Amino acid sequence: MRANGSSVDRDRSGRVTSLTTHAGVTAKFDPKGHLSAVNFRSSKGYETAVSRGPSGSRTIKSEHVNDRGERITMVNTGPRRGYVDHSFTRNGQPYMRRTFVAGGHSYAAVYHGFYYGGRVYYGYVPGYYYAPGFYGWAYAPWGVPVAFAWGWGGAPWYSPYGYYFAPYPAYAGPAFWLTDYVIAESLQAAYEAQADAASSAIPPQFVPRLGAKSENEFAAVMIPAISDALKSDPVPKQRLA
């Protein structure tokens with residue numbers, strides 16, 4: 001513990017593994033000396049955690065409770081990607097509204113909570129319900145296989161995955177078509193996430209800007225307390241990027 005209230009933890013070789021500033025900001029480092037996580041609580045009650053994965057991807061999670069006692073969770077998983085969870089109760093029943101942001105577009109979903117083992121679990125609530133007979137097409141096979149061309153040949157994401165993933169040339173039922181669709185969407189999302197991580201510079205310390213105009217607005221600012229603590233540390237070889 002230093003005179004100013006900050007502290008530094010080291011391993012047996014003297015490498016800094018974590019540090020805590022006098023303001024209560026905690027930073028952790030991976031075995032290579034890269035900054036891997038930052039945790040702190042702001043004066044406005046926001047609990048924020050910034051973590052960085054092995055591939056360089058960054059996740060920013062910030063939580064707070066509003067004036068009505070409802071918990072708001074904001075998660076930024078990359079450029080133009082993330083979601084906001086808004087937990088609330090109606091007639092004694094727990095609910096959660098999640099607003100997703102992907103590729104600059106947003107959409108919302110509602111989940112109904114239920115209690116099990118003392119914890120709340122959420123299940124998706126569809127916007128519309130139809131009679132059971134409406135869904136019969138998803139189970140009944142088609143009389144004649146249907147050929148379908150997806151048109152992925154020229155897509156950037158399909159080039160690295162095409163060797164491993166080949167869609168059916170014809171479909172005997174909707175379940176097979178839906179399977180190829182879901183796989184393709186997952187591969188495309190993974191490709192875009194990797195491209196975003198590779199193209200965006202990732203400075204060492206980030207937190208969401210508090211007091212944003214909306215819950216979906218995310219920004220990043222430097223934490224001076226961490227920077228000052230590292231500059232004063234006697235082992236200046238720690239890499240932060």
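W157 is buried, with a relative accessible area of 5%; buried means under 20%, exposed over 50%, and partly exposed in between, with a 1.4 Å probe and protein chains only. This is a predicted model, where local features need pLDDT of at least 70, side-chain atom pairs count only at pLDDT 80 or more, and totals for chains, interfaces and linings use all residues. Residues are numbered from 1 along each chain as its sequence is written, and side-chain values use heavy atoms, leaving out hydrogens and water.

Start with the rings. A pair of aromatic rings is described by the distance of the centres and the angle of the planes. Rings of Phe, Tyr and Trp (its six-membered ring) pair if their centres lie within 6.5 Å; planes under 30 degrees apart are stacked, over 60 edge-to-face, the rest tilted. The whole structure holds 18 aromatic pairs. One of them joins W157 and Y158 edge-to-face, at 5.5 Å centre to centre and 85 degrees between the planes. Y158 is buried too, at 17% relative accessible area. Y168 and Y171 also pair edge-to-face, with 5.7 Å between centres and 65 degrees between planes. Y171 is buried at 1% relative accessibility, whereas Y168 is partly exposed at 40%.

Now turn to the strands. Helices (H or I, at least four residues) and strands (E, at least two) are DSSP runs, numbered from the N terminus. R98 sits in strand β9, residues 93-102. Its side chain makes a polar contact of 2.5 Å with that of D85. Such a contact is a pair of N or O atoms within 3.5 Å; within protein, one must be able to donate a hydrogen and the other to accept it, and residues adjacent in sequence count only if both atoms are side-chain atoms. Leaving aside residues up to four places away in sequence, R98 touches Y83, V84, D85, Y107, A108, A109 and Y111, with contact meaning heavy atoms within 4.5 Å.

The loop between β8 (81-90) and β9 contains N91. N91 has a positive phi of about 55 degrees, although it is not a glycine. N91 counts as exposed because its relative accessible area is 82%.

Another exposed residue is Y139, at 72% relative accessibility. Y139 lies in the loop between β11 (119-125) and β12 (146-147).
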